[in-house]
Amino acid sequence: AAAMSGRKHSYVSSSDDDRDGEEDHSSSGASSHARPPMVRGGPPSRSGANTGPKGVIRDYEHYRELRQQEEAWKTQQQRQSAEKQPAQANKAAQDEVSDVELELDPFLQEYRDKRLREMQAAAAAKSGQEAKGFGSLIHVSASTFLSAVDNENPSVYVVVHVYDESVDGCNAMNGCLTCLASQHTETKFCRLLASDAPVSQHFKSGGLPALLVYRGGQLIGNFIRVCDHLGDDFYASEVEKFLVDHDCLPGSHSQED
């Protein structure tokens, strides 16, 4: 009886193998949506010394199914990666175009830098002239007259108006020179009261308004009773033309018209 019992327990039927294969198949189907397990090597061997033919076939079919799931998962990952690449490439191209658009053309960059240097130089020149008093009509006295003329740059024109407020035309001349000083900032325009000037009384009473023009410390223009040329009522443009015609002004706005 013991021997028969031993033989009975060692017997493995093919129906048992079928049930085992079905259980394995149902368990694998429950996790079909998850990442498939990695399958390496050949089909797994079932435990048991007397595995039947049907059990072996079930094991092989289970192995082949796992392999198919693994391949399907890899194919899906590759497809998703391929779909993402065009969008990433498009975004990279747009970013590159934006970077190029932000960069200035070399010619425009050079032109902008040149204009900036010109503006800075003009501002510095204007600042230097304003610091020296250019751009406005400067009042000089007997004590500052010589230094205003002799200590100036030799290339600068110095126009001095000798005036007396009680003489006709002097106030008009001061107004015109104030206007010209703002236009010709490279020229120094000054005014000197006749009472402070080393001139005779006859000149004070009959020679005003007078214009004295210096350059490099030398007198290059001496005009008395300017009203005889311009009249008692005149404009800045007329005074400008008068000085330019006598080579006593480096440039003329009216001549450009």
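Helices (H or I, at least four residues) and strands (E, at least two) are DSSP runs, numbered from the N terminus.

Q: What is the mean pLDDT of the chain?
A: pLDDT is the predictor's confidence in each residue, from 0 to 100. In this chain, 63% of residues reach 70 or more. The chain mean is 75.

Q: How many contacts beyond four places in sequence does the model have for residues 45-50?
A: Contact means heavy atoms within 4.5 Å. Over residues 45-50, pLDDT stays under 50. Where pLDDT is low, the predicted coordinates should not be read in detail. With that caution, the number of contacts for residues 45-50 is nine.

Q: Which residues have the most contacts inside the largest nonpolar core?
A: A nonpolar core is a set of buried Ala, Val, Leu, Ile, Met, Phe, Trp, Tyr and Cys residues joined through side-chain atoms within 4.5 Å. Buried means under 20% relative accessible area, exposed over 50%, and partly exposed in between (1.4 Å probe, protein chains only). The largest core has 23 residues. Those with the most contacts inside it are Met-173, Leu-177, Phe-189, Leu-211, Val-239 and Leu-243.

Q: Which elements give two or more residues to this core?
A: Two or more core residues come from each of several helices and strands. The strands are β2 (157-163) and β4 (210-215). The helices are α6 (170-183), α8 (227-230) and α9 (236-245).

Q: Which residues does Met-173 touch, not counting those up to four places away in sequence?
A: Met-173 is among the residues with the most contacts inside the largest core. Its partners beyond four places are His-161, Leu-211, Val-226, Leu-230, Phe-234 and Val-239.

Q: What covers the buried residues of α9?
A: In α9, the buried residues are Ala-236, Val-239, Glu-240, Phe-242, Leu-243 and Val-244. Their cover includes β3 (188-193), β5 (218-223), α6, β4 and α8.

Q: Which parts does the pair of Glu-152 and Lys-188 tie together?
A: A salt bridge puts a side-chain nitrogen of Lys or Arg within 4 Å of a carboxyl oxygen of Asp or Glu. Glu-152 and Lys-188 form one, with closest N and O atoms 2.6 Å apart, and both residues are buried. They are 36 residues apart in sequence, so the pair ties together the loop between α5 (145-150) and β2 and, at the other end, strand β3.

Q: How far apart are the closest N and O atoms of Lys-241 and Asp-245?
A: Both residues lie in helix α9, four residues apart, about one turn of the helix. Lys-241 is partly exposed at 48%, and Asp-245 is partly exposed at 45%. Their salt bridge has its closest N and O atoms 2.9 Å apart.

Q: Is Asp-228 buried or exposed?
A: Asp-228 meets Arg-225 in a salt bridge (3.1 Å, N to O). Arg-225 has 37% relative accessibility and is partly exposed. Asp-228 has 54%, so it counts as exposed.

Key
Residues numbered from 1 in each chain as written. Predicted model: local features only at pLDDT ≥ 70, side-chain atom pairs only at ≥ 80, totals over all residues. Heavy atoms only, no water.
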